[in-house]
Amino acid sequence: MSESLPALSLMQIALCLIPAVIVVWILWRWSLGAGEATYGLFRMLAQLLLAGYALNYIFAANDARVTAAVLVLMFLFAVWIALRPLRRRSGGLFIVVSAAMITGGVSTLLFVLIGVLGVAPLNTPQLLLPLAGMAFANAMNTCSLGLERFFGEIARGESERSARGISYRAAMIPTINSLFATGIVSLPGTMTGQIMSGISPHVAARYQILVIGLLFGASGISAACCLLWAPTTSVSASVSSQR
């Protein structure tokens with residue numbers, strides 16, 4: 001299996017979105033926010049199409065300054081999206097999530113790149129950007145889930161310690177569930193993409209283990225830092241926003 005994958009036509013892309021349109025229709029019929037889902041789908045399409053063109057330029061340029069600028073932009077968007085479920089977003093929470101994602105996401109990414117893969121210099125966009133994107137996205141999700149649950153538990157009268165434990169457990173459910181499902185229920189995206197491109201399943205499995213270790217560490221450490229540091233900044237403002 002050494003043949004490259006064929007390019008998808010616009011018609012094929014449109015056809016693959018039919019199940020998504022069905023889900024939007026269900027949300028509309030049940031009055032569950034079809035507008036937000038529709039906006040999300042259109043935004044996803046625009047972002048991916050633009051990313052495809054942008055990455056061609058970034059990979060061809062192979063410029064450390066361009067790669068660094070893209071990483072910073074990815075990081076800032078991840079922090080902003082992590083705060084989206086909170087009704088009141090403050091500068092203090094932005095700093096908390098940023099610091100947590102640097103501690104969990106960036107440090108874990110650097111450990112994998114330097115300590116495990118031995119990448120030097122760290123300006124190879126083909127390797128750095130995909131791994132950074134996965135690390136930031138998973139850290140973003142766990143921080144978002146953890147903070148939203150944490151402030152909700154505080155508003156219900158839980159102590160900070162109790163709310164922190166409940167929230168951390170809840171935030172880690174998707175990540176831990178994926179550990180149980182990987183290899184039995186699903187083949188993760190990295191492994192699937194490598195297999196479809198012709199790489200040996202054994203090699204793909206080893207790289208997937210590396211990626212899962214990166215994602216589990218980045219998400220777990222980031223969420224823990226968010227929950228540890230959030231009470232010292234703007235708990236009162238965020239609790240009031242939940243009432």
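1. Helices here are DSSP runs of H or I with at least four residues, and they are numbered from the N terminus. Residues are numbered from 1 along each chain as its sequence is written. The model is predicted, so local features need pLDDT of at least 70 and side-chain atom pairs count only at pLDDT 80 or more, while totals for chains, interfaces and linings use all residues.

2. A pocket is an open set of points on a 1 Å grid over the protein atoms alone, where a 1.4 Å probe fits, with protein on both sides within 12 Å along at least five of seven lines; lining residues have an atom within 4 Å of a point. Points are joined across faces, edges and corners, and volume is the space filled by probe spheres set on them.

3. The largest pocket holds about 1200 Å³ of space. Its lining has 28 residues, with Q47, A51, M74, F77 and I81 nearest the centre. Helix 3 (34-61), helix 4 (64-82) and helix 6 (125-155) each give two or more residues to this lining. The largest share, 14 residues, is from helix 3.

4. By class, that lining has 21 nonpolar, four polar and three charged residues. Nonpolar means Ala, Val, Leu, Ile, Met, Phe, Trp, Tyr, Cys and Pro; charged means Asp, Glu, Lys and Arg; the others, Gly among them, are polar.

5. The second largest pocket has about 460 Å³ of space. Of its 24 lining residues, M134, T190, Q208, V211 and L215 are closest to the centre. Two or more residues each come from helix 6, helix 7 (160-181), helix 8 (189-196) and helix 9 (201-229). Helix 9 gives the most, with seven residues. This lining has 14 nonpolar, ten polar and no charged residues.

Conventions:
Side-chain values use heavy atoms; hydrogens and water are left out.
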